[in-house]
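Here are some exercises to work through with the model open beside you. Try each task before reading its solution.

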Amino acid sequence: MDDSHNKEGEEEVSASSSSLQPHHNDSDVEGNQEQMEASAEENEEEMEEDETEGLSKSLRRSFKAVKRFFKGPGDGAKKVDPKPTFSDERPTPVPPVSQEPSDEDDDVYNFTHKYRGRAIIINNEKFLRSSLFESRPGSTCDEKALKEVFKYLGFDVKCYYDLTAIEIKIALEKEVREYDHSNADCLAVAILSHGDSEIAEKALSYHQQKAHKHDDKVRRDLIFGVDGNYISTASVIRTFQDSRCPGLEGKPRLFFLQACRGDGYDDGLKVHVVPDTAAAADGDAGNDSDRETDASDTRGIHSRHTRHVVSPAPIFKDFLVMYATVPGHFAWRRPSGTWFIQSLRTVFMKQLTQQMSLTQALTRVSRRVAQSYESQGKMSGKKQMPVVESMLVKDVYFPVK
């Protein structure tokens, strides 16, 4: 018999034998599996009985417990294979994190509020006779110039006239309480008055006292009311700090102070510069203005020429203070207005654009005062240099409202 014949016979036998096997469904298979597992458990118990034969009942229980403990995972337990699930749905992608800078990370202050904000102008021109101060002719020209600038920038302008020292404090605190700064972009404060500085004892630390430091005197700036009493520049600035005016938190607060800061003179340095034709055409410099007599915004009482440490006013975050002059020096004024305020008007009304930041504009103001003006009259040939003290953390631009 050949191999092929044998294979055919085997196939016939297997086919016939398979035809004799009963047909089982899934439930029958599961039932048989359970029976097999049950019989396996019985056999295992019989084996345990054989292993523990001859032992006492208590030792037999202990033996069984130890054996069960050391069984491998899944031994004697029903194994269930989890059925895998398949889905054609793709997982939802995680949205990417926005790369656009937030307000805190932006380089420009947010000027999209409903209002630009309040601009406060305090114009002290007519001083009381008892104050020992002379009046300040030309200050009205400065007030009009500032009003023009602030309205051009979109501010809501509020003017105060001839206030005493206590009235300056009251007016500023009123502006904090009554104006809705929460809907404003920023704040601007301009004070036009006589000014000076005082020498006071400096609060020394323990280590400074122990080291016998000699710079125990400080000079602080003062702004005078029409009654001859003063308010410190520091107190003016503190009025609008975050804790006292929460509506301005995170917003720029701009101060422009036209007042002397002492009785020192700036003789300048003779250099050859290109004439500022714009200044001459504006009537604030050049041949016409050279005929005007300049006066200073100080009391005129000279302090001792002793060198002291200058104590600047506290500048908080988001504050900018621009002084008409450097510490300890005069600020000059003409009948047509002060050098500082008139320069401010010229730059902002003629040069400020949407693409120019406030810092750039104020730099041009300083250059104009320094290069285009020189005192005339009894104290001729004197110069002046404004000072900007800034704690702004972003750029300031003035978009059209």
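**Exercise 1. The overall picture**

What share of the contacts in the protein with a separation of 6 or more comes from residues 24 or more positions apart?

*Solution.* First, a word on what you are viewing: this is a predicted model, where local features need pLDDT of at least 70 and side-chain atom pairs count only at pLDDT 80 or more, while totals for chains, interfaces and linings use all residues. Residues are numbered from 1 along each chain as its sequence is written, and side-chain values use heavy atoms, with hydrogens and water left out.

Now the count. A contact means heavy atoms within 4.5 Å. Residues 24 or more positions apart make up 80% of the contacts with a separation of 6 or more. The protein has eleven helices and 13 strands; these are DSSP runs numbered from the N terminus, with helices being H or I of at least four residues and strands E of at least two. Of its 401 residues, 38% count as buried.

**Exercise 2. Helix α10 and its partners**

Find how α10 is oriented to α4 and to α11.

*Solution.* Axes are lines fitted to C-alpha atoms, for helices over the stretch in contact, and angles run from 0 to 180 degrees between N-to-C directions. Angles under 35 degrees count as roughly parallel, over 145 as roughly antiparallel, 65 to 115 as roughly perpendicular and the rest as oblique.

Step one: the axes of α4 and α10 (residues 339-350) come within 9 Å and cross at roughly 25 degrees, and the two helices are therefore roughly parallel. Residues meeting here include Leu146 and Val149 in α4, and Leu344 and Phe348 in α10. By class, this contact has nine nonpolar, one polar and three charged residues (Ala, Val, Leu, Ile, Met, Phe, Trp, Tyr, Cys and Pro count as nonpolar, Asp, Glu, Lys and Arg as charged, and the others, Gly among them, as polar).

Step two: the axes of α10 and α11 come within 9 Å and cross at roughly 130 degrees, so this pair is oblique. Among the residues that meet are Trp339 and Val347 in α10, and Leu362 and Val365 in α11. The contact of α10 with α11 divides into ten nonpolar, two polar and two charged residues.

**Exercise 3. Backbone angles**

What is the phi of Leu132, and what is that of Asp162?

*Solution.* Most residues other than glycine have a negative phi. Leu132 has a positive phi, near 70 degrees, and is placed in the loop between β1 and α4. Asp162 also has a positive phi, about 50 degrees, and is found in the loop between β2 (156-161) and α5 (165-178). Leu132 is exposed at 66% relative accessibility, whereas Asp162, at 28%, is partly exposed.

Technical notes:
Buried < 20%, exposed > 50% of the residue type's maximum accessible area, 1.4 Å probe, protein only.
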